[in-house]
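Please read this briefing with the sequence and the structure side by side. The points are grouped by topic.

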Amino acid sequence: MQAVPTHEALTASLNQLFVLETADGRRVEARLAAAPAGIAMNATYVSYSAIFELPVGIGLPQDTYRITAPDGTSWDLLATPTQPSADGRANLTAVMHYLRSKDAAQRDTEPSYQVVT
């Protein structure tokens with residue numbers, strides 16, 4: 001399991017269904033609605049987020065979820081409820097913010113250490 005999804009992987013998966021799994025095993029399919037770039041604290045960090053749109057009538061609290069991409073890759077990410085979609089669907093957002101790798105081959109593709117949420 002990777003520490004966090006790359007921004008490139010998220011943008012390539014826009015509008016696809018991901019599975020969000022709670023600690024008690026409840027699974028909800030959610031559409032990756034957006035993966036905007038974020039504002040890092042300085043040039044040595046990378047920042048972006050993943051906004052998941054939940055099905056109509058479903059709301060989930062802030063928690064750590066096992067999030068599985070359509071290709072089967074998964075991550076344990078802290079996700080927080082954010083502004084609902086225009087049609088009223090609830091959204092959960094996970095923010096990635098990590099130190100850039102000093103190795104040019106890994107720059108912007110992998111965190112240089114495990115992200116603590």
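**Core and fold**

The largest nonpolar core has 24 residues, and Phe 18, Leu 20, Phe 52, Ile 67 and Met 96 have the most contacts inside it. Strands β1 (17-21), β2 (27-34), β3 (45-53), β4, β5 and β6 (91-99) each supply at least two residues of this core. The model is a predicted one.

**Overall make-up**

- The protein chain contains one helix and six strands.
- Read from the N terminus, the order of the elements is α-β-β-β-β-β-β.
- Of the 117 residues in the protein chain, 34% are buried.
- Among contacts in the protein chain with a separation of 6 or more, 51% are between residues 24 or more positions apart.

**The barrel**

- Six strands close into a barrel, with antiparallel pairing, in the order β1-β2-β3-β6-β5-β4.
- From one strand to the next, the twist averages 45°.
- One of the pairings joins strand β4 (residues 63-68) to strand β5 (residues 74-82) in the antiparallel sense, over six bridges.
- Thr 64 has Leu 78 in β5 as its bridge partner.

**Surroundings of Phe 18**

- Phe 18 is one of the residues with the most contacts inside the largest nonpolar core.
- With neighbours within four places in sequence left aside, the contacts of Phe 18 include Val 28, Glu 29, Ala 30 and Leu 32.
- Phe 18 is also in contact with Phe 52, Ile 67, Thr 68, Ala 69, Pro 70 and Trp 75, among others.

**Aromatic pairs**

- How many aromatic pairs are there? The count comes to two, with ring centres within 6.5 Å as the rule for a pair.
- The ring centres of Phe 18 and Phe 52 are 5.4 Å apart and the ring planes are at 65°; planes over 60 degrees apart count as edge-to-face, so this pair is edge-to-face.
- Phe 18 is in strand β1 and Phe 52 is in strand β3, so the pair links distant parts of the chain, 34 residues apart.
- Phe 18 and Phe 52 are both buried.
- The rings of Tyr 48 and Tyr 98 have centres 6.1 Å apart and planes at 90°, so this pair is edge-to-face.
- Because Tyr 48 lies in strand β3 and Tyr 98 in strand β6, the pair ties together parts that are 50 residues apart in sequence.
- Both Tyr 48 and Tyr 98 are buried.

Note on methods: Residues numbered from 1 in each chain as written. Predicted model: local features only at pLDDT ≥ 70, side-chain atom pairs only at ≥ 80, totals over all residues. Heavy atoms only, no water. Pairing = 2+ DSSP bridges. Helix = DSSP H or I, 4+ residues; strand = E, 2+ residues; numbered from the N terminus. Axes fitted to C-alpha atoms, helices over the stretch in contact; angles between N-to-C directions. Core = buried A, V, L, I, M, F, W, Y, C linked by side-chain atoms within 4.5 Å. Buried < 20%, exposed > 50% of the residue type's maximum accessible area, 1.4 Å probe, protein only. Contact = heavy atoms within 4.5 Å. Phe/Tyr/Trp six-rings, centres within 6.5 Å; stacked < 30°, edge-to-face > 60°.
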